[in-house]
Amino acid sequence: MDNRPGPGPASGGGKGRLPHRGLRRLLVLLAAVPLPSFVLLALFALRPGRVSPPWVLATVLFGILATAGVAGLAVRRISRRLREVEGQRDSFFEELSRLSRVSSLGQVSSSIAHDLNNPLAILNEEAGWLSDLLSGAAGADGPALRAEMTASVAQIQEQVRRAREISRRILSWARETEGASGRVDLNEAVVKALHLLEGEMVERPVRVQRSLAPGLPPVPGTVAEVRQVILHLAKNALDAMGKEGGTLTLATRASDGKVVLSVGDTGPGIPRENLERIFEPFFTTKPEGQGTGLGLSISLYIVKKLGGTLEVESRPGEGTVFHVVLPAARESGEPDLPGGWHAGRETAPGG
Amino acid sequence: MRVVRLLLVDDEKRFTETLGKRLVARGLFVETVNSGPEALAALESRPFDVVLLDVRMPGMDGLEVLRALKKAHPLVEVILLSGNASIHAAIEGMRLGAMDYLLKPADLEDVLAKVEEAFEKKKVAEERAKEDRRSRGLP
């Protein structure tokens, strides 16, 4: 995938702009009727020497009504167009989020390969040792040979069990990616997302602090959507801490019928001038080829779609915390999806 | 001929045990440990020629061990072992002074060939160091 920032479909070429030609035509048409009438009326009401107050009043009223009418029509037209543009943006983000799911699967596959190669490496050695034992290269015989072979066979069975667990995990990941919208256990999603990030963490000195409130109400959305938000935020937190590592904090809690997930790092923090831009698509401070600048905008899109908000707190030199505030899913199992894009808000208090 | 003294470092206990037994059966002197700090402690107290080192270990990872090891024992040769083909880790490992890189699961022939190569390399380096000392009139 091309990671370089560039003019994507969101940066608003032809289709995203207001319909200049249509709007102009409309204004011309509207002005064509009331404007001349208004002028004629005004000339009549203010005939030199014969100013009649009722006509002046009528002219003023006509002027106000005509202006309001024109403005009203224009506003309706513009807001319809805005809704269309918003729809386009939503489908763009929907597509982006699908694509990023695919790319995070690619990332995760490296960790899966590692997990799977460990039992495979042991299986390889056990098979080799068994053949050493059988060929006499191991120099064992009698009861010792028997004991060695029994231990190896048991180990082969054990490692096959381990590999089967990993393959089940991959399958469940694939299934959840296509899951239906409904009620998601946020704590479980956090645990599973962390599992997928293990590969990223083992190579750097990162301490994970998990504080998951028990008995949280479920949140709306699909497991894949919720996990994607967690993965993007946690991945950003890990990247922010870099090679030096630090503490990754994942905390959940319930508050006023809402469910809050906080993802924190002990990295260098986000400079104030960047805080306002971090949710912009394609904005990234990662080295070229390492970040698409889409993780946070996709996360914000998903969170807003689920009726929630995404907030950030950052203190330079101390670290950054992202708070995902989601509504609790409705009892009926129907996803709770009020509003649309506008249901959320971004706040960047900074520090 | 001198026997290769190999230190096998991997957090998977059974992996070190079985690979260790197979290498012993092929005439090597092998010691196994299951973490970075254990590896460094073993190197402090006993001489080794080659270290077969897993990159991904909980706590102190292979690259950290490699860094500390090369500082304290520059002549000991290191071969990295990894479960995933992370180019990044391979390059970093070479930069830190590892001789080579093996992917898990690895064939025993490949392991033996690399260990042999590392051992030869170490013997040459030791010879050179000895001559160096001799030419400077040191014991």
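**View 1. The largest nonpolar core of the predicted model has 47 residues, of which A:Ile230, A:Leu248, A:Ile278 and A:Phe322 touch the most other members.** A nonpolar core is a set of buried Ala, Val, Leu, Ile, Met, Phe, Trp, Tyr and Cys residues joined through side-chain atoms within 4.5 Å. Buried means under 20% relative accessible area, exposed over 50%, and partly exposed in between, with a 1.4 Å probe and protein chains only. In chain A, at least two residues of this core come from each of helix H3 (53–135), helix H5 (186–202), helix H6 (223–241), strand S2 (246–255), strand S3 (258–265), helix H8 (295–305), strand S4 (309–315) and strand S5 (319–327). Helices (H or I, at least four residues) and strands (E, at least two) are DSSP runs, numbered from the N terminus. H6(A) gives the largest share of this core, nine residues. Apart from this core lies another, of 23 residues, including B:Leu43, B:Val51, B:Ala89 and B:Leu96.

The numbering and limits behind all views are as follows. Residues are numbered from 1 along each chain as its sequence is written, and chains are lettered from A and ligands numbered from 1 in the order in which they are written. This is a predicted model in which local features need pLDDT of at least 70 and side-chain atom pairs count only at pLDDT 80 or more, while totals for chains, interfaces and linings use all residues; side-chain values use heavy atoms, with hydrogens and water left out.

**View 2. A:Leu248 and its contacts beyond four places in sequence.** Contact means heavy atoms within 4.5 Å. The contacts of A:Leu248 include A:Leu194, A:Met201, A:Ala234, A:Ala237, A:Leu238 and A:Met241. Also in contact with A:Leu248 are A:Val206, A:Arg207, A:Val208, A:Gln209, A:Val263 and A:Gly264.

**View 3. A salt bridge links A:Asp132 and B:Arg22.** A salt bridge is a side-chain nitrogen of Lys or Arg within 4 Å of a carboxyl oxygen of Asp or Glu. The structure holds 30 of them over all chains. In this one, the N to O distance is 3.2 Å. The pair joins two chains, because A:Asp132 lies in helix H3 of chain A and B:Arg22 in helix H1 (residues 13–25) of chain B. A:Asp132 is buried, at 3% relative accessibility, and B:Arg22 is buried at 8%.

**View 4. B:Asp100 and B:Lys114 form a salt bridge within chain B.** Their side chains meet at 3.6 Å, N to O. B:Asp100 lies in strand S5 (residues 100–103) and B:Lys114 in helix H5 (residues 108–135), so the bridge ties together parts that are 14 residues apart in sequence.

View 5. B:Lys122 is buried at 5% relative accessibility, whereas B:Glu126 is partly exposed at 23%.

**View 6. S4(A) and S5(A) form a hairpin with three residues between them.** The strands run antiparallel and are joined by seven bridges; two strands pair if DSSP finds at least two bridges between them. A:Glu313 has A:Val321 in S5(A) as its bridge partner. In the turn, A:Gly317 has a positive phi of about 90°. S4(A) is mostly covered, with five of its seven residues buried.
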